[in-house]
Amino acid sequence: MHLAVLLFVALLSVATFALDNGVMRVPPMGWLAWERFRCDIDCEHDPKNCISENLFIDMADRLAEDGWRELGYVYVNIDDCWSSMKRDDKGRLQADPKRFPGGIHKLSRYLHDRGLKLGIYGDMGTHTCGGYPGTTLDKIDLDAQTFADWEVDMFKFDGCYSNATEQALGYPLMSKALNATGRPIGYSCSWPAYHGGLPPKVNYTQLGEICNLWRNYGDIQDSWDSVLNIINWFFENQEVMISAAGPGKWNDPDMLIVGDFGLSMDQSRSQMALWAIMAAPLFMSNDLRTISSKARTILQNKMAISINQDPMGIQGRRIVKEKIGIDVFWRPLSNNASALVFFSRRNDMPYRYQTTLSKLNYTTGTYKIYDVFTDKTMILKDSTGFVVSVNPTGVVMWYVSAPATRNLRQFHKGGRLRGSAHDDENANPRVFL
Ligand code: GLA
């Protein structure tokens, strides 16, 4: 009895702890090794691609020199297979000495010198998913302190090789331990992905209090099938997802695979557009040394990024699912603006989808439309019929400004847009849905 009460009080104090580390008020952006480079540790035969400090230095250089950092892609995240198979004589995790001869702290300094941040990976359990040393309950404080000593900025805590009880203790304890180091460290929890991602097994209120982001669902692979499967799951469960997310606490549908081998350009735009609608973390897992200029253009699309990074941090939703295979997604944005995505599940030919803004629940008014991937603009009344041509497995994505009911000339002059997207001169606060 006594023990039960003690355990209850201990659990309660953990459960009511609120994460207040101030980081990731907008979804984090950067690069993450896993999907593209996996657990390639064969540096002898594959020196360019093996999990080693050289790989992370290469990606850091690309982020800093090829225009990524300025757009917000600042995290360089190590995933599994970075560590030595043995802890050091003080029980601390240590990097594999052959592949990371400089150690993790030297790497984080290299990144910080270039305005970048370092993320690292660990696992709540006896082993990581790849079989490297895990973080059992007794090692949580030590490992959190080790990461802080290395000046790490983000930590992904995976959940292989532990049971539900250990996880229910370990994930909140790690949150506390990271905070106790005094270093703001973004905390990514894989916990929900190990329990089907849905209530009642998953408690998103608690997750929002202890983690900055969390993996809800299975691992992304380099294929359209995989991306579509993830999209379907997230929007089928959108009510749960939307209420879980907000500034500092994000659902994570997993990495962007744009620039790899599995997606066409249309599919790449679809992933970028829907990750923006979902307010998802934007972690690319690709080879930035060899990425095509087309893929780079998609990932560096400023309007898609600013939609993803909207400071209100409200996750978007699917508002239409047509039997003919067209879905429409919508996300409310700051300044009474919004984003729309028309997505085709078809596999025949570009589909000419006809609708009006009022059918999409927009209130009476005139809207300025900016096409995210073609840079074209137009003015559209709520009642005016329009047609968008959506390629198979592709999207059309729009940024829709606040409605104007007056001063339309100020809105649009000589075919060119005036004012910025955040100019609220014409804003006429309205609720869209
Ligand atoms: C799990 C995670 C992946 C990756 C691997 C590493 O499968 O979900 O994202 O971290 O482990 O082994």
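User: A pocket is an open set of points, on a 1 Å grid over the protein atoms alone, where a 1.4 Å probe fits and protein lies on both sides within 12 Å along at least five of seven lines. What is the volume of the largest pocket?

Analyst: The model is predicted, with local features needing pLDDT of at least 70 and side-chain atom pairs pLDDT 80 or more, while totals for chains, interfaces and linings use all residues. Residues are numbered from 1 along each chain as its sequence is written, and side-chain values use heavy atoms, without hydrogens or water. Taken as the space filled by probe spheres on grid points joined across faces, edges and corners, the largest pocket has a volume of about 280 Å³.

User: Which residues lie nearest the centre of the largest pocket?

Analyst: The lining (residues with an atom within 4 Å of a point) holds 19 residues. Those nearest the centre are Arg269, Asn301, Val372, Phe373 and Thr374.

User: Which element supplies the largest share of the lining of the largest pocket?

Analyst: Helices (H or I, at least four residues) and strands (E, at least two) are DSSP runs numbered from the N terminus. Strand 13 (366-371), strand 15 (386-390) and strand 16 (395-400) are among the elements that each give at least two residues, as are helix 10 (265-277) and helix 12 (302-308). The largest share is 3 residues, and it comes from helix 11.

User: How many residues does helix 7 give to the lining of the second largest pocket?

Analyst: This pocket holds about 240 Å³ of space, and Gly208, Glu209, Pro247, Gly248 and Lys249 lie nearest its centre. Helix 7 (204-210) and helix 9 (238-244) are the elements that give two or more residues to its lining. Helix 7 gives the most, with 4 residues.

User: Which strands are at the edges of the open sheet?

Analyst: The sheet has 8 strands in parallel pairing, in the order 7-6-5-4-3-2-1-8, where a pair needs at least two DSSP bridges. Each edge strand pairs on one side only, and these are strand 7 (250-252) and strand 8 (282-284).

User: In strand 4, what is the bridge partner of Gly119?

Analyst: Strand 3 (residues 117-123) and strand 4 (residues 154-158) run parallel and are joined by 5 bridges. Across from Gly119, the partner in strand 4 is Met154.

User: What angle does the direction of helix 4 make with that of strand 3?

Analyst: Helix 4 (residues 103-113) packs on the sheet, touching strand 2 (75-77) and strand 3, with contact meaning heavy atoms within 4.5 Å. Axes are lines fitted to C-alpha atoms, for helices over the stretch in contact, and angles between N-to-C directions run from 0 to 180 degrees. For helix 4 and strand 3 the angle is about 145 degrees.
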